Amino acid sequence: MAKILNVTHLKKTYSSGSKELTVLDDISFDVEAGDTFAIVGPSGSGKTTLLGLCAGLDQTNSGTIELCGVPLNTLNEDERALLRNEKVGFIFQDFQLLPTLTALENVCVPLELQGNKNAKKASMELLKKVGLADRYHHYPSQLSGGEQQRVALARAFSNQPSILFADEPTGNLDEETGEKVVQLLFELNKEAGTTLIIVTHDLELARMNKHILRLKGGRIMANERTVEA
Amino acid sequence: MNHTSRTYSKADAQWLFKMAWRDGKASGKRLVLFMASIILGIAAVVSIQSFSNNLKENITIQSKALMGADFVIDSEQLPNEKVQRIIDSLGGQNAREVNFVSMVAFPNSGATKFMQVRGIEGGYPFYGTLMTKPISAGKKYQRNNGALVDGTVLLQYNVKVGDSIKIGNSVFPILGTLLSVPGSTGIGASFAPSVLIPFHSVEGTGLLQKGSRIDYNYYFVAKPEQDLELLNETVDPILDAERADMDTHTETSERLGRRYENVGRFLNLVAFIALLLGCVGVASSVHIYIKEKLRAVAVLKCIGATRKQTFLIYLIQIAGMGLLGGLIGTVAGLVLQQLFPLILQGLLPFQVELSISFQAILMGLTLGLFMSVLFALSPLLSTWYVSPLQVLRIDEQGSFASKKARLWVLAAIVLFTFLFAFWLLQNWQRAFVFVVGILITFAVLAGFANLFMKGIKKYFPSSWGFTARQSLLNLFRPNNQTTVLVLAIGVGMFLISTLYFTKDFLLAKANLENNEQSPNIILFDIQTEQKEAVVNSILLDELPVISTIPIVTMRVHSIKGKLANAIRLDTTSTINQWIINHEFRITYRDSLISSENSVEGEWPSVAIAGEPIPISLSDNVARDAQVKLGDHMVFNVQGVIMETVVRHIRTVDWGRVQLNFSILFPKGVLEKAPQFHVVTTHAPDEATSATMQRELVHKFPNVSILDLRQILSLIEDILNKISWVINFMAFFSILTGIMVLIGSVRTSKYQRIKESVLLRTIGARSKQILRITALEYLYLGLLGSGIGLLLAVLGSQMLAYFVFEIPFTPSWVPFLVILPGITFLVLLIGLGNSISVLRSPPLEVLRKEKS
């Protein structure tokens, strides 16, 4: 199978005052298209930073990342944004819906950015699929946490991404709602054949993926293939 | 698809507008407050601009009506042969007038009044209307040998149509009330209101004698094909040589237009300050607004929006707000404009027909758009630099806008302000001074505010009670707008107080010392043979004669050997023309008076027979005549040529209400020259003054009497009118400040609610929270208006010292009335806007605010 994400000798440092803090060091791995991939590790291990780098939200200090066949370090910020718009979907722990837009408008945005004329119709179908057909015109503040995350799921799949990055998707939800959201996430992913990369603390959720990448102190501890997946 | 081949988003401009609208719709209330800041400024600028344009148009349209004719030839004496020939060659005048000021008496009431007597012959005015009551009186007064008397005077002295008026030796029946007459300006008419009588009856009054300043006007109606400009260019120089002058209606209206244009420009600047304040408010509000939007911007970038797109979404929002604010402000300005004729009543010499000025509308819309975008640019730049990483809870360093970009924005703001000020003032230097002045004022106010805040932090009053300390700390809360509020309140206070102080010391300068040694009544036009009788009459009334001043009239014959006519014809001469055209009224004395100070030379200077007579000149005459000590000037003293030499130059404080002279002769030279006299006295009260005036007017009809107290009250009235207009504009700054204040209270509402909830949770009572809020606004109001007042005192001190050269003692009104008033206003508005937060249960408020 083709590699959709290829990370080689990645290093990321931040300067904290006069000191340099290495957050990720010598990270190499790859992900095949259609795979599900979990990144786990204790707080401060660099999971979220790795996710941000892989999705082109930030730049590496050294090493390379190839996303959908494109070396990210050759792109400028706007080119990376366009790549994300075409190929990438996102799910965040705190949903990150635009508070001034309705549920429907939130789902429409990625499609509208692509110039899709049928954005509204496609978004309504997606919202129907996540069980929010009666919530099109509600603002995020009028929705529960679970509902907000479902809107975020619909938005993430709206541009039919090749790869989906999920950062602690259940972190802000209660157990029951979290389970439902995860179930919906995997269903939609399977249906769309999207590559899924999840950053999580939740080992149960991690085990639902075909691969688990374990990080500690900014280094890879293990890159395992799970039995369950 | 090759991702790198596409470097632009497929979302079009329509999408950007859609996003701006969607987001703006949900942030509506906050955007309305941004708009309010700019609406008032635009309303102020548009109303003034539109009214100024209307005024200019009216002056042009009404130029003939303002003069009452197409052109006029005027002279201070009966036309000589040459002037008469010119008048005849022009087909003879269509109407003529002789006018002078004199005391008139109303025999029925026994009252007397200093008025302008206008003797008219012919159908003047030919344009505009002579408004009288009854209407027919304007047509009958010449035929029936009657008088038309100013309406205010009739009302003041309880005189009615049908009563009589005594002018000099003649008594005229009052045929009508004079409501308006072309060319009579509001201010001039208040000093000496008009009375119209037939021209042929003036001689009989016996008032056309030497000493009185008499003007003869010859009014003409031009033929349709006549080129007035050409006529003026040809005839005026010839008339000038004969001490006459020609004025066309266009020339007069242009002069008048320029005068009012200056007033308009000044008011425009005051309005522009209000707009600038509003813009500072916009910048501050947008800063907080955008700060709250940065997370959404990061999300948008995360899901594929470019930097340009996110920047444009909010730029469109702000531009839309500015345009809408400009539109509402423009409409408000046009409505406000309707008030101006009422506000300026008595200051304008004509009725202003109001119309919509398209230039003002265009300006309002453009200003709204440009100013809001310009001032919002700096905070808007943050959207460009925000990193999408923020959505992952990673605070990336360097996501702030670059310093260079902010400097460019600041430079653009200063440049735009300068260009707009230049457009208003039409003068580079003044525009520069204005911009520098604004920058300094704003910087000083902001600097003071910051200094004060730092001072509080450093010397925090830890011993104060909980509420007082907490409210002081509130001034430092995150997203606080303390500096902006202090700036807005301070500028408003500064403007209003400076105007108050200036008016105050202008009045003080003009005011009289109320003691028996200081004259408050001046009697002039006293003939030499009347002098003794007048003095005796005053003494009989048991009033003091403080001084008798002889006055001799003369004209310049030559300066430094060059004849006046030669100077007049010499186009290269830089000597001011008024010097050679003016009839000087001079006196002779061997001492200086309190309003005079020596600059060069010595006075008195002794006249030596056979040598040129030493004279003293006021510095402005010396400057305009371009003479210095030792230079020779020759005067024509009613036919007698006198050679003089400049031996003394002095400054004269013309602002003092007393008799001042530009030229002084020494004693022992002019005693035998034809002269008239001025006598000054002091009347302790108005009743004594009125009795004395009645007696004198009865005995000596040609003698005019000026009661300085009346003049002072007129000056005060005019200054009040002017300061009312300026205060009206300055109030816009205060109103803008209030809008910024409301905006700030609303913007920080959520923060305040959180504080309030927290305080309640830890046991604070509603009363305590109310006190904390009230004290916070009290500090803000006091700080803003206090700094503004302090600056006003400093500014006025400088004005008094450098410009008016008088000592300045600030009056108590700004301290005791304006400062507490503005502070109270701030307190009221602050509390009014916070009351819903203070009254509702904490959780309910939080839920409401979150949704």
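## A helix pair in chain B

In chain B, helix H11 (residues 307–337) packs against helix H13 (residues 358–385), with axes 7 Å apart and an angle of about 150° between them. An angle over 145 degrees counts as roughly antiparallel, and H11(B) and H13(B) are therefore roughly antiparallel to each other. The crossing in which H11(B) passes H13(B) is right-handed. The residues of this contact divide into 17 nonpolar, eleven polar and one charged.

## Model and confidence

The model is predicted. For the complex, the predictor gives an ipTM of 0.90 and a pTM of 0.70.

The average pLDDT of chain B is 82, and 89% of its residues score at least 70. Residues 1–5 of chain B have a pLDDT below 50, and this stretch makes seven contacts in the model beyond near neighbours in sequence. Where pLDDT is low, the predicted coordinates should not be read in detail.

## The four-stranded sheet of chain A

Chain A holds an open sheet of four strands in the order S2-S1-S4-S5, with antiparallel pairing. At its edges stand strand S2 (19–32) and strand S5 (70–71) of chain A; each has a single partner strand, so one side of each is left without a neighbour in the sheet. Helix H1 (residues 47–54) of chain A packs on this sheet and touches S1, S2 and strand S4 (62–67) of chain A. The direction of H1 makes about 120° with that of S1(A).

Ten bridges pair strand S1 (residues 3–16) of chain A with S2(A) in the antiparallel sense.

## The six-stranded sheet of chain A

An open sheet of six strands in chain A runs in the order S6-S7-S8-S3-S9-S10, and its pairing is mixed. Strand S6 (88–91) and strand S10 (219–225) of chain A are at the edges, each with a single partner strand, so one side of each is left without a neighbour in the sheet. On average, and with direction ignored, neighbouring strands of this sheet are turned by 15° against each other.

Within this sheet, strand S3 (residues 36–40) of chain A runs parallel to strand S8 (residues 195–200) of chain A, and five bridges join them. The bridge partner of Ile39(A) in S8(A) is Val199(A). Helix H5 (residues 145–158) of chain A lies across S6 and strand S7 (163–167) of chain A, at about 170° to S6(A).

Glu168(A) is not a glycine, yet it has a positive phi of about 45°.

## Helices H3 and H4 of chain A

H3(A) and helix H4 (residues 119–129) of chain A have axes that come within 9 Å and cross at roughly 125°. That angle makes H3(A) oblique to H4(A). H3(A) passes H4(A) in a right-handed crossing.

On the H3(A) side, the contact is made by Ala103(A), Leu104(A), Val107(A), Cys108(A), Leu111(A) and Glu112(A). The residues of H4(A) in this contact include Ala119(A), Lys120(A), Met124(A) and Leu127(A). By class, the residues of the contact divide into ten nonpolar, one polar and two charged.

## The interface between chains A and B

Across the interface, 34 residues of chain A are in contact with 29 residues of chain B. On the chain A side, the elements that give two or more residues are H1, helix H2 (77–87) and helix H3 (103–113) of chain A. H2(A) gives the most, with nine residues. The chain A residues on this side divide into 15 nonpolar, ten polar and nine charged.

Strand S1 (residues 71–75) of chain B is joined by five bridges to strand S9 (residues 215–220) of chain B, and the two run antiparallel. Here Ile73(B) stands opposite Tyr218(B) in S9(B). Five bridges also join S1(B) to strand S10 (residues 244–248) of chain B, again antiparallel, and Val72(B) stands opposite Asp247(B) in S10(B).

The peptide bond from Lys133(B) to Pro134(B) is cis, with omega near 0°. Pro134(B) lies in the loop between strand S4 (131–133) and helix H5 (137–140) of chain B. The bond from Trp603(B) to Pro604(B) is cis as well, with omega near 10°; Pro604(B) is in the loop between strand S15 (596–601) and strand S16 (613–618) of chain B.

Key: Residues numbered from 1 in each chain as written. Chains lettered and ligands numbered in written order. Predicted model: local features only at pLDDT ≥ 70, side-chain atom pairs only at ≥ 80, totals over all residues. Pairing = 2+ DSSP bridges. Contact = placed C-beta atoms within 7 Å. Axes fitted to C-alpha atoms, helices over the stretch in contact; angles between N-to-C directions. Nonpolar A, V, L, I, M, F, W, Y, C, P; charged D, E, K, R; others polar. Parallel < 35°, antiparallel > 145°, perpendicular 65-115°, else oblique. Left-handed = near helix turned anticlockwise from the far one by under 90°. pLDDT = per-residue confidence, 0-100.
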